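Me: I have just opened this entry and would like a friendly walk through it. Could you take my questions one at a time?

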Amino acid sequence: MRESWYDSLRTIRGVVRSLRIYYGGKARRAAMHSLYGEFVRPGDLVFDVGAHVGDRIGAFRRLGARVVAVEPQPALITTLKLIYGRDRAVTIEPVAVGADAGVIDLKLNIDNPTVSTASDAFLRAADGAVGWEGQAWTRSIRVPVVTLDALIARHGMPVFIKIDVEGFEAQALAALTRPPPALSFEFTTIQRDVAAACLKRCAALGYTRFNAMLGESHALVHPEWQSADEIAAWLDALPQSANSGDVYAKLA
């Protein structure tokens with residue numbers, strides 16, 4: 001079904017809102033520079049999986065990295081092309097990432113495009129949950145899916161992969177067999193089981209050091225890097241109101 005003009009207007013409004021939130025002031029940019037500077041050096045390759053409106057792309061580029069930006073939503077693909085389309089160090093992949101290549105239904109949140117998802121379990125978990133009031137996924141589109149290994153074969157091994165795909169993180173990691181030196185994945189307190197599955201997969205891939213950040217703070221929670229069991233216990237103990245954040249994993 002074609003998108004109505006009203007839905008198109010709502011999507012544009014949602015994208016503009018996200019741009020205002022995620023392209024914040026100097027303090028936010030400085031915090032992102034400090035955080036990602038621990039993983040990225042000039043000339044490095046980075047994958048931004050779930051690039052959304054591209055604020056992380058900006059951070060990686062300021063650090064001098066080359067970026068493969070992975071994003072399946074048409075409105076956000078257009079946004080990324082408008083912002084980074086002339087940057088030869090940014091490659092935009094208009095696909096989703098999952099456990100198998102093919103196609104998948106992407107459920108669109110028209111008013112808040114950055115929380116669109118390919119996960120039915122995510123929708124069930126968000127339904128009626130505190131902190132997710134008013135969120136609605138009202139349209140669905142078919143999008144192509146590739147694996148992380150396929151992206152690595154196409155573009156080379158990155159030094160860092162950021163994964164933020166709204167409850168689909170475990171599926172994205174499931175097909176990764178060639179781990180980069182470091183990666184991050186988003187977690188939510190409404191789906192702690194997804195975070196647990198991601199931690200288990202990371203441990204199987206050989207990651208031994210873990211840390212985390214809450215929300216959009218861009219500050220690591222723990223002064224010392226933790227084991228998988230320690231991060232798992234920390235995630236289990238989080239109050240529901242913590243809502244979301246990211247786990248970071250290093251091979252060594």
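The questions below go through the sheets, the helices and the open spaces of this predicted model.

Me: Which strands lie at the edges of the seven-stranded sheet?
Reply: Let's start with the strand order, which is β3-β2-β1-β7-β8-β10-β9 in an open sheet with mixed pairing. From one strand to the next, the twist averages 15 degrees. An edge strand pairs on one side only, and here the edge strands are β3 (90-93) and β9 (209-214).

Me: How many bridges hold β8 and β10 as a pair, and in which sense do they run?
Reply: These two strands stand side by side in the order of the seven-stranded sheet. One point to look for is F187, which stands opposite G245 in β10. Strand β8 covers residues 182-188, and its pairing with β10 is antiparallel, over seven bridges.

Me: What is the order of the three-stranded sheet, and which residue stands opposite L108?
Reply: This open sheet has mixed pairing and the order β4-β6-β5. Its edge strands are β4 (96-97) and β5 (102-108). Strand β6 (residues 139-146) runs antiparallel to β5, and seven bridges join them. Opposite L108 you will find, in β6, R139.

Me: At what angle do α2 and α3 pack, and which is the handedness of their crossing?
Reply: Helix α2 takes in residues 26-36, and its axis lies 9 Å from that of α3. The angle at which they pack is about 65 degrees. As for the handedness, the crossing of α2 past α3 is right-handed.

Me: Which residues of α3 meet α2, and how many residues of the contact are charged?
Reply: On the α2 side you can pick out R28, R29, M32, H33 and Y36. They meet D55, R56, A59, F60 and R62 in α3. By class, the contact has four nonpolar residues and one polar residue, while the number of charged residues is five.

Me: Which element gives the most to the lining of the largest pocket?
Reply: The largest pocket holds about 430 Å³ of space. Its lining has 25 residues, and those nearest the centre are Y22, T114, V115, E186 and S244. At least two lining residues come from each of α1 (5-22), α3 (55-62) and β10 (244-250). With four residues, the element that gives the most is α1.

Me: How many residues of that pocket's lining are polar?
Reply: The lining can be sorted by class. Five of its residues are nonpolar and nine are charged. The polar residues number eleven.

Me: What is the volume of the largest cavity, and which residues are closest to its centre?
Reply: A search of the whole structure turns up two cavities of 30 Å³ or more. The largest has a volume of about 170 Å³. By class, its lining has ten nonpolar, five polar and three charged residues. Of the 18 residues that line it, the closest to its centre are P72, A96, L106, S116 and V165.

Me: Which element gives the most to the lining of the second largest cavity?
Reply: This cavity holds about 50 Å³ of space, and it is lined by E166, G167, E169, E186, F187, T188, Q191, V194 and A195. These residues divide into three nonpolar, three polar and three charged. The element that gives the most, with three residues, is β8.

Methods. Residues are numbered from 1 along each chain as its sequence is written. This is a predicted model: local features need pLDDT of at least 70, side-chain atom pairs count only at pLDDT 80 or more; totals for chains, interfaces and linings use all residues. Side-chain values use heavy atoms; hydrogens and water are left out. On a 1 Å grid over the protein atoms alone, a cavity is a set of points where a 1.4 Å probe fits but cannot get out, and a pocket is an open set with protein on both sides within 12 Å along at least five of seven lines; lining residues have an atom within 4 Å of a point. Grid points are joined across faces, edges and corners, and a volume is the space filled by probe spheres set on the points. Ala, Val, Leu, Ile, Met, Phe, Trp, Tyr, Cys and Pro count as nonpolar, Asp, Glu, Lys and Arg as charged, and the others, Gly among them, as polar. Two strands pair if DSSP finds at least two bridges between them. Axes are lines fitted to C-alpha atoms, for helices over the stretch in contact, and angles run from 0 to 180 degrees between N-to-C directions. A crossing is left-handed if the near helix is turned anticlockwise from the far one by less than a right angle, and right-handed if clockwise. Contact means heavy atoms within 4.5 Å.
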